[in-house]
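Reader: Please walk me through the labels used for this model. I would like the cut-off behind each one.

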Amino acid sequence: RQFKPKENPKDYVFIPATVDDNKDINQDYIDQLELLPEDIYEAHRFGNWNVLSGVYFSEFQDGVHTCKPFPLKQNWQKYRAMDYGLDMFFCIWVAVDETGRCYVYREFAKNDMIVSEAAQKQLELTRPDERIDYTIAPPDMWSRNNETGKTRAALFMENGVGMYKADNNRIQGWAALKELLKIRPDGKP
């Protein structure tokens, strides 16, 4: 939801509730919900909005794939994954523990940033004591600009952010992410 300039997101609070919490809802309404398709029923009856059709990673469950912040171990591998365009710059910071479990511990998204601003913000958000092993970016970052002959990857590197070219095979990427979301025998993803 887009906030109007005079609105402050901190003025809002999410209060989870289901139809059971509303004393004015009668049984007829609940009976009507049971006639809905399963995903819509789950969302409207129990507030499980992650099950709606069109959600590609239906495995994702809040509370299973999320956790409260905690101190990361110094020996964990850390990397950044980013995508850049004037329409949106997006970057996540990921830590990988000894078992291969990945934790996204920071993210940033903002539109209308030029490359030097995006690179500066990425460096500014990376703490000085934080060891980042590498940054990955999509292959389109290596396409040359017709006017300057430079790539956006080169511009990021000139501004202090080195990077590796990621593979753009979406089907393999989706499959890999689904594997990462899969629940292990220990009950964790």
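Author: Start with accessibility: buried means under 20% relative accessible area, exposed over 50%, and partly exposed in between (1.4 Å probe, protein chains only). This is a predicted model: local features need pLDDT of at least 70, side-chain atom pairs count only at pLDDT 80 or more, and totals for chains, interfaces and linings use all residues. Residues are numbered from 1 along each chain as its sequence is written, and side-chain values use heavy atoms, without hydrogens and water.

Reader: Why does arginine 127 count as partly exposed?

Author: Its relative accessibility is 44%. That lies between 20% and 50%, so arginine 127 is partly exposed.

Reader: What makes glutamate 179 exposed?

Author: Glutamate 179 has 51% relative accessibility. The cut-off is over 50%, so the label is exposed. Lysine 182 has 48% and is therefore partly exposed.

Reader: Why is the contact of glutamate 179 with lysine 182 called a salt bridge?

Author: A salt bridge is a side-chain nitrogen of Lys or Arg within 4 Å of a carboxyl oxygen of Asp or Glu. Here the closest N and O atoms are 3.3 Å apart, so the pair qualifies. The whole structure has ten salt bridges.

Reader: How do you know that arginine 101 and aspartate 186 form one?

Author: Their closest N and O atoms are 3.3 Å apart. That is within 4 Å, so this is a salt bridge. Arginine 101 lies in a loop and aspartate 186 in the segment after helix 5, so the pair ties together parts 85 residues apart in sequence. Helices (H or I, at least four residues) and strands (E, at least two) are DSSP runs, numbered from the N terminus.

Reader: Is arginine 101 buried or exposed?

Author: Buried: its relative accessible area is 11%, under 20%.
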